[in-house]
Amino acid sequence: MSAFSPLAPLPAEVRPRVIGWFEEQARDLPWRRPECTPWGVMVSEVMLQQTPVSRVLPRWEEWMRRWPTPTATADAPASEILTVWDRLGYPRRALRLQAAAQAMVERHADEVPTTVEQLRALPGVGEYTAAAVASFAFGQPEVVVDTNIRRVHARVFSGAALPGKTYTAAQRKLAHELMPETAHDQGREACAWNASVMELGALICTAKSPQCAICPVADLCAWVAAGSPPPTEEQQTKGQAWAGTDRQVRGAIMAELRRGEPVPRGTLLESLPLSEASSEQRLRCLESLLRDHLAEEYDGRVALPGVL
DNA sequence: AAATCGGGGGC
DNA sequence: GCCCCAGATTT
């Protein structure tokens, strides 16, 4: 029994088109160049968790210039780690990346580990990142599934406008079935497929206004064949609030601390450029940052970790 | 399964 | 103003 509905395209027909398109149209990103080290790939994957490529590029360049190896990253002051991370967002990722580097120094001889099991054991490395590093840095035919790939799969093979919020068992099964065979080329095509579908989702098959007119598989796409129906309410993403959230307040505190000077607790809590934030919220957020080791307090003054 | 965790650019 | 972006971790 085929896993694909009668109207869905055959993977064997889709794959060469998407891979061929990638070979012609892929962006020249620094972490894709042949001279990029596995550590460079690792850094890019963590930075790209929920952060667009355009914002990652300058931070990745600076990080790799300063800390080109796990050892260099492991030995850096946490305050510098967080300063170079700058406004990429979710700064706990920066601390986890350093913790991952320290684990590589201790357990893997200053190398990025090569198996998904070893990768998955590193701080900040989940199912996606482990597979992505194994595939992109080491050429292993792991099944890589990110938000772009889920969307392309949903449209081309399932005829849906969007994949829905949760990664279901059915979606994982589909992703496995779509992978090329690895026997003939030791997984080269599988890795190319991973990168190509991701790039198609990032450049053509985008969430908001997909460029079906220039898509290499538009004539095979189940969603296009169905008349490009809009997303169902089930598939809508409930927009994450920002104004007034603890995340915004935490971000404002971190921005102040990144200026480099230790700040008296009272001054810090009062000087935030968020007039609507209550004193209770400001205090709660500062305490949570201290708990997360994103900030430290000593003798009534607050700073990035390690400077006091 | 749902909540939490940043921040900015595109529309 | 709303939405989305190469997710991970905790509850």
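Me: How do β2 and β3 pair, and over how many bridges?
Reply: β2 and β3 (residues 301–303) pair in the antiparallel sense, over 3 bridges. This is a predicted model, by the way.

Me: OK. Which residue in β3 is the bridge partner of Glu 296?
Reply: Ala 303 is the bridge partner of Glu 296.

Me: And what's the strand order in the sheet?
Reply: The order is β1-β3-β2, an open sheet of 3 strands with antiparallel pairing. β1 (263–264) and β2 (296–298) are the edge strands, each pairing on one side only.

Me: What holds paired strands together in general?
Reply: Strands of a sheet pair through backbone hydrogen bonds.

Me: Zooming out, how many helices and strands are in chain A?
Reply: Chain A has 15 helices and 3 strands. Its C-alpha atoms fill a box of roughly 70 × 45 × 30 Å along the principal axes. Of its 308 residues, 46% are buried.

Me: What share of the contacts join residues at least 24 apart?
Reply: 62%, counting contacts in chain A between residues at least 6 apart in sequence.

Me: Helix packing next. At what angle do α9 and α11 cross?
Reply: Roughly 85°, with the axes of α9 (residues 147–158) and α11 (residues 188–203) coming within 8 Å. So α9 is roughly perpendicular to α11.

Me: Which residues meet there?
Reply: From α9 you have Asn 148, Ile 149, Arg 151, Val 152 and His 153. They meet α11 residues including Trp 193, Val 197, Met 198 and Leu 200. By class, the α9 contact with α11 has 7 nonpolar, 4 polar and 1 charged.

Me: What about α1 against α11, how do they cross?
Reply: The axes of α1 (residues 11–25) and α11 come within 9 Å and cross at roughly 70°. That angle falls in the 65 to 115 range, which makes α1 roughly perpendicular to α11.

Me: And which side chains of α1 are in that contact? I mean, which residues?
Reply: Val 14, Arg 15, Val 18, Ile 19, Trp 21, Phe 22 and Gln 25. Among the α11 residues they meet are Glu 189, Ala 192, Trp 193, Val 197 and Leu 203. The α1 contact with α11 splits into 11 nonpolar, 2 polar and 3 charged residues.

Me: Switching to cysteines: how many disulfides does the structure hold?
Reply: The structure holds 0 disulfides. For Cys 191, the nearest cysteine sulfur is that of Cys 36, 15 Å away. For Cys 205, the nearest one belongs to Cys 215, at 6.3 Å.

Me: Why doesn't 6.3 Å make a disulfide for Cys 205?
Reply: Because a disulfide needs the two sulfur atoms within 2.5 Å, and Cys 205 has its nearest cysteine sulfur 6.3 Å away.

Me: Are Cys 191 and Cys 205 buried or exposed?
Reply: Cys 191 is buried, at 12% relative accessible area, and Cys 205 is buried too, at 9%.

Me: Loops, then. Where is His 108?
Reply: His 108 sits in the loop between α6 (92–107) and α7 (116–120). With a relative accessibility of 16%, His 108 is under the 20% cut-off, so His 108 counts as buried.

Me: What is His 108 in contact with?
Reply: Ala 103, Pro 113 and Gln 118, leaving aside neighbours within four places in sequence.

Me: Last one: is Gln 50 buried or exposed?
Reply: Exposed, with a relative accessible area of 65% for Gln 50. Gln 50 is in the loop between α2 (38–47) and α3 (53–66). Gln 50 and Tyr 90 are 8.8 Å apart, C-alpha to C-alpha, and 40 residues apart in sequence.

Technical notes. Residues numbered from 1 in each chain as written. Chains lettered and ligands numbered in written order. Predicted model: local features only at pLDDT ≥ 70, side-chain atom pairs only at ≥ 80, totals over all residues. Heavy atoms only, no water. Helix = DSSP H or I, 4+ residues; strand = E, 2+ residues; numbered from the N terminus. Buried < 20%, exposed > 50% of the residue type's maximum accessible area, 1.4 Å probe, protein only. Contact = heavy atoms within 4.5 Å. Pairing = 2+ DSSP bridges. Axes fitted to C-alpha atoms, helices over the stretch in contact; angles between N-to-C directions. Parallel < 35°, antiparallel > 145°, perpendicular 65-115°, else oblique. Nonpolar A, V, L, I, M, F, W, Y, C, P; charged D, E, K, R; others polar.
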